[in-house]
Amino acid sequence: MTDDRVYPASKPPGVVGGGATTNPTFPANKAQLYSANRPAYRPPAGRRRSHSRGCCCRCCCWTIFVVILLVLIVAAVSAVVYLIYRPQRPSFTVSSFKVSTLNFTSATHLATAISLSVIAKNPNKNVGFNYDDTDITIYRISPGDDEVVIGKGSIASFVHGKKNTTLLRSTIGSPPGDLDELSASNLKGDLKAKKGVAIKIVLSTKVKVKMGSMRTPKSGIRVTCEGIKAVAPTGKKATTATTSAAKCKVDLRFKIWKITF
């Protein structure tokens, strides 16, 4: 008897193990195709750098904002202080310039003895000045801007009160060293001409400004006086220089507010 059964050559698709079958999906969808060998997602490293740059930008913006705010606050305080106290520069006037000695004891060594009086006025009602010791330098000047030191002196420290006028006196002595030959020759020519020597006086010191209960740090002050003509004495009697045309310029600048007055 012939066996008519058919034996398959292999297991049919979908047969697993002992005969359990699955129903495969044909064709495969896009999700299956694209995710089969797809690596796990990792955030790009560039995002961290971008976050750092953002923090730096914010820090810089805040720093600039704080600096601008501080500048505005200082400017506002300065304006308020100015409006309240109305500070003005002190004024200086040369009241007397007497020459007792102004001659050469050698080819280049100058002997000087001058009595100087300066009037200092404080026009402020609510502002005072505390001056350190003041250095005084006397220059001989010429049209060619040739300046020669012919004397040195000083004024002791003093307090310049509100609405106060103070008389300052000093004795000017010889310059610290000998003059060079050209300067000595030019000065000798001026002394012999009897027309008078053009003089410039420079006072340099530091001052602390007091406004109410507030005191500023010490600031430099420079007073320059020009328009003085001095004649050397021929005998023992001192000569008085012409000071009627003398004008003094005061250069004073606060350090904390940078307000010139």
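These exercises walk through the protein chain and its helix H3. The model is predicted: local features need pLDDT of at least 70, side-chain atom pairs count only at pLDDT 80 or more, and totals for chains, interfaces and linings use all residues. Residues are numbered from 1 along each chain as its sequence is written, and side-chain values use heavy atoms, without hydrogens and water.

**Exercise 1.** State how many helices and strands the protein chain has, and what share of its residues is buried.

*Solution.* Start with the secondary structure. The protein chain has three helices and 14 strands (DSSP runs, numbered from the N terminus: helices are H or I with at least four residues, strands E with at least two). Next, burial. Of 261 residues, 31% are buried (under 20% relative accessible area, with exposed meaning over 50% and partly exposed in between; 1.4 Å probe, protein chains only).

**Exercise 2.** Compare the span of H3 with the expected span.

*Solution.* H3 covers residues 181-193, 13 residues in total. The expected span is 1.5 Å times one less than the number of residues.

**Exercise 3.** Find the buried side of H3 and what covers it.

*Solution.* List the buried residues: Ser 183, Ala 184, Leu 187 and Leu 191. They share one side of H3, because their arc around the axis is only 95 degrees (taken from the directions from the helix axis to the C-beta atoms). On the other side, Glu 181, Leu 182 and Lys 192 are exposed. Cover for the buried residues includes strands S3 (91-104) and S10 (197-211), counted by contact (heavy atoms within 4.5 Å).
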